[in-house]
Amino acid sequence: MDLQIALILGQDGITNGAIYALLALALVLVFAVTRVIFIPQGEFVAYGALTMATLQTGAAPATIWLLVVLGVMVALLDGIRAARSKRNDRLINILLWNLAYPLLLLAILFLLPLAKLPLLIQMLLTLGIIVPMGPMLYRLVYQPLADASVLILLILSVALHLSLVGLGLLFFGAEGQRTPAFSEASFDLGALTVSGQTLVVVFTSLACITALYFFFERTLYGKALRATAINRVGARLMGIRPALAGKITFFVATLIGAFSGVLIAPITTIYYDTGFLIGLKGFVAAIIGGLASYPLAALGALLVGLLEAFSSFWASEYKEVIVFTLIIPVLLWRSLKSTQVEDEE
């Protein structure tokens with residue numbers, strides 16, 4: 001391996017690590033606030049990439065129908081409860097967000113010339129389709145069992161993951177797809193040529209991480225999520241509703257997942273089940289952070305990306321094994337470091 005190859009592998013590792021960092025932060029956030037190990041995080045990566053690819057063919061993606069179905073189910077559950085309690089203001093909000101919004105988006109998709117839209121508009125439509133699924137799935141799947149054990153919530157995550165993978169095969173088929181790059185530029189830095197798409201991924205990921213920092217530090221909802229993550233019981237006593245915290249958390253996690261899929265779609269071919277492997281690598285990074293530390297999770301993601309890149313050069317057939325083996329010494333070190341057995345909470 002010479003210097004030029006090392007630089008190329010390092011570039012690939014940093015690019016992949018930036019995506020893994022976003023997913024790791026989302027996984028840490030979801031677990032800290034809701035105690036859910038969100039295995040389906042990767043499915044939203046695949047859904048985001050493949051939905052945008054479908055839009056670029058000029059067809060309405062099948063994920064819009066999933067959004068409509070989820071919206072109808074949530075509207076029925078929450079609408080009946082709001083009607084019985086005669087909370088008309090809440091009933092209007094439920095109908096607007098869960099029925100009117102998906103149906104309006106459905107009409108827009110059938111009226112617009114989707115293939116001729118700018119990339120930015122296609123990206124916004126993709127996020128508009130995928131991101132609302134997060135709070136809806138939390139309401140339908142996790143909220144009824146929010147006080148269950150971590151094991152029960154993990155089983156729910158596995159079931160949801162399998163369901164979304166099956167729906168992905170139904171929606172998009174078995175063929176992989178790519179999308180055009182956001183930037184076709186390239187820059188020569190000595191012996192290294194850096195593509196514009198790589199810079200888009202890295203700097204956009206850094207911008208997202210910075211935005212998340214300001215969200216948690218400067219906004220009321222961000223502080224509420226931090227309080228819930230630190231002490232769920234105390235946050236509830238202070239008037240922070242666990243259901244609202246869970247929905248906001250899943251909204252942020254789904255936004256990160258779908259946006260990550262849009263970013264990596266021009267770099268690699270995405271299949272209906274690709275997201276699971278990408279999400280697992282983000283999970284390895286989250287484990288390095290102990291499912292609690294955001295900076296350690298981000299650094300762990302960079303380590304995973306670099307390890308994957310250099311492993312693909314030295315032992316490409318075993319690169320996935322090498323990456324996932326990284327979790328063993330981390331768990332061993334954390335086990336030896338732990339001095340007491342904590343309660344489930």
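User: Is Glu308 buried or exposed?
Analyst: Glu308 counts as buried, at 7% relative accessibility. Buried means under 20% relative accessible area, exposed over 50%, and partly exposed in between, with a 1.4 Å probe and protein chains only. This is a predicted model, where local features need pLDDT of at least 70 and side-chain atom pairs count only at pLDDT 80 or more, while totals for chains, interfaces and linings use all residues. Residues are numbered from 1 along each chain as its sequence is written, and side-chain values use heavy atoms, with hydrogens and water left out.

User: What does the side chain of Glu308 meet in a salt bridge?
Analyst: The side chain of Lys281, at 2.4 Å from N to O. A salt bridge here is a side-chain nitrogen of Lys or Arg within 4 Å of a carboxyl oxygen of Asp or Glu. Lys281 lies in helix H12 (residues 274–288) and Glu308 in helix H13 (residues 294–314), so the pair ties together parts that are 27 residues apart in sequence. Helices are DSSP runs (H or I, at least four residues), as are strands (E, at least two), numbered from the N terminus.

User: And is Lys281 buried or exposed?
Analyst: Lys281 is buried, with a relative accessible area of 3%.

User: How many salt bridges are there by this rule?
Analyst: The count comes to two. Besides the Lys281 and Glu308 pair, the side chains of Arg139 and Asp78 meet at 2.8 Å, N to O. That pair links distant parts of the chain, with Arg139 in helix H6 (residues 133–142) and Asp78 in helix H3 (residues 63–84), 61 residues apart.

User: Are those two buried or exposed?
Analyst: Arg139 counts as buried at 6% relative accessibility, and Asp78 is buried with a relative accessible area of 6%.

User: Switching to the surface: which residues form the positive patch?
Analyst: Arg81, Arg87, Arg90 and Arg241 form it. Patches are made of residues with over 30% relative accessible area and no salt bridge; like charges are joined within 9 Å, and nonpolar side chains (Val, Leu, Ile, Met, Phe, Trp, Tyr) within 5 Å. Lys and Arg count as positive and Asp and Glu as negative, with His and the chain ends not counted. The place of a charge is NZ of Lys, CZ of Arg, CG of Asp or CD of Glu.

User: Where is Arg90?
Analyst: Arg90 sits in helix H4 (residues 88–111). Arg90 is partly exposed, with a relative accessible area of 30%.

User: Which residues make the nonpolar patch?
Analyst: Leu145, Leu151, Ile152 and Ile155 make a nonpolar surface patch of about 350 Å². The areas come from the Shrake-Rupley method with a 1.4 Å probe, and for residues only the protein chains shown count as cover. Ile152 belongs to helix H7 (residues 150–172) and is partly exposed at 36% relative accessibility.

User: What about the loops?
Analyst: Pro118 is in the loop between H4 and helix H5 (119–130), and counts as partly exposed at 48% relative accessibility. Pro118 and Asp147 are 29 residues apart in sequence and 44 Å apart in space, C-alpha to C-alpha. Ile240, in the loop between helix H10 (232–237) and helix H11 (242–264), is 16 residues from Ala224 in sequence and 6.7 Å from Ala224 in space, C-alpha to C-alpha.
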